[in-house]
Amino acid sequence: MSVLILFACIGYLLAVLWIDLIFDSLVLPHHDKETLPEEVLATMASFFKRLTHKPRLIFVVMITMFAIVILQIVQGTVPAWVGWASLILVTVPTGYATARVMPAARRLGARIDIPQKQSELARSLFAMHTFSFILMTLLGLIQLYAASGG
């Protein structure tokens with residue numbers, strides 16, 4: 001049962017990250033400009049302002065994943081390498097989201113900086129969300145491998 005909850009959590013975070021990346025991708029056509037167009041900044045800022053207003057569910061999902069992976073390690077329900085790799089793949093994005101992603105998204109959503117700084121934040125969010133998406137995908141693949149009896 002816990003592995004189903006873990007897969008639901010991974011799926012939820014991948015969906016959130018995918019939506020984030022859709023908005024983040026607005027920066028791509030403007031890679032040659034130091035400052036993004038106002039309409040791009042406004043769209044991204046509006047989205048991230050709403051998203052970061054109450055991120056409790058995202059943190060509950062991350063903590064749930066962390067707890068399930070710890071249980072897998074303690075109970076020995078997955079091979080040791082799967083448990084430890086999963087712990088890294090949960091801990092790194094959780095810490096990264098807390099320390100870097102959420103503050104950057106909140107700051108962009110608040111629009112308190114000059115347009116050049118907002119542009120830097122918008123571009124950095126694309127990279128951060130891509131990194132997190134890759135880690136969540138790896139976590140899902142490792143857990144799928146373990147669940148399939150591998």
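1. Burial. In this predicted model, 39% of the 150 residues in the protein chain are buried. The accessible surface of the chain comes to about 8100 Å². Carbon and sulfur atoms account for 71% of that surface.

2. Overall build. The protein chain has 5 helices and 0 strands. Read from the N terminus, the order of elements is therefore simply α-α-α-α-α. The C-alpha trace spans about 50 × 30 × 20 Å along its principal axes. Take the contacts between residues at least 6 apart in sequence: 80% of them join residues at least 24 apart.

3. Helix H1. This helix covers residues 2-24. H1 has 23 residues, and its first and last C-alpha atoms are 32 Å apart, close to the 33 Å expected at 1.5 Å a residue. Its buried residues are Leu 6, Cys 9, Ile 10, Leu 13, Val 16, Leu 17, Asp 20, Leu 21 and Asp 24.

4. Helix H2. How does the span of helix H2 agree with its 16 residues? At 1.5 Å a residue, H2 (residues 38-53) should span 22 Å, and its end C-alpha atoms are 22 Å apart, so the two values agree. Buried in H2 are Val 40, Leu 41, Met 44, Ala 45, Phe 47, Phe 48 and Thr 52. Helices H1, H4 (80-110) and H5 (115-147) are among the elements that cover these residues.

5. The nonpolar core. The largest nonpolar core has 39 residues. Which residues have the most contacts inside it? They are Leu 13, Met 44, Phe 48, Met 65, Leu 108, Leu 125 and Leu 139. The elements giving two or more residues to this core are H1, H2, H3 (56-75), H4 and H5.

6. Met 44. Leaving aside residues up to four places away in sequence, Met 44 touches Phe 23, Asp 24, Leu 26, Val 27, Leu 108 and Ala 122. Another, Leu 108, is listed with Met 44 among the residues with the most contacts inside the core.

7. The loop between H4 and H5. Arg 111 lies in this loop. Its phi is near 55°, a positive value in a residue other than glycine. Most residues other than glycine have a negative phi. With a relative accessible area of 56%, Ile 114 is exposed, since the cut-off for exposed is over 50%.

8. Two distances. Ile 114 and Thr 35 are 79 residues apart in sequence, and their C-alpha atoms are 9.6 Å apart in space. Ile 134, in helix H5, is 98 residues from Leu 36 in sequence, with 26 Å from C-alpha to C-alpha. Is Ile 134 buried or partly exposed? Ile 134 is partly exposed, because its relative accessible area is 46%.

9. Charges. The protein chain has 11 positive and 8 negative charges. Their mean positions are 10 Å apart.

Methods: Residues are numbered from 1 along each chain as its sequence is written. This is a predicted model: local features need pLDDT of at least 70, side-chain atom pairs count only at pLDDT 80 or more; totals for chains, interfaces and linings use all residues. Side-chain values use heavy atoms; hydrogens and water are left out. Helices (H or I, at least four residues) and strands (E, at least two) are DSSP runs, numbered from the N terminus. Buried means under 20% relative accessible area, exposed over 50%, partly exposed in between (1.4 Å probe, protein chains only). Contact means heavy atoms within 4.5 Å. Accessible areas come from the Shrake-Rupley method with a 1.4 Å probe; for residues, only the protein chains shown count as cover. Lys and Arg count as positive and Asp and Glu as negative; His and the chain ends are not counted. The place of a charge is taken as NZ of Lys, CZ of Arg, CG of Asp or CD of Glu. The expected span of a helix is 1.5 Å times one less than its number of residues. A nonpolar core is a set of buried Ala, Val, Leu, Ile, Met, Phe, Trp, Tyr and Cys residues joined through side-chain atoms within 4.5 Å.
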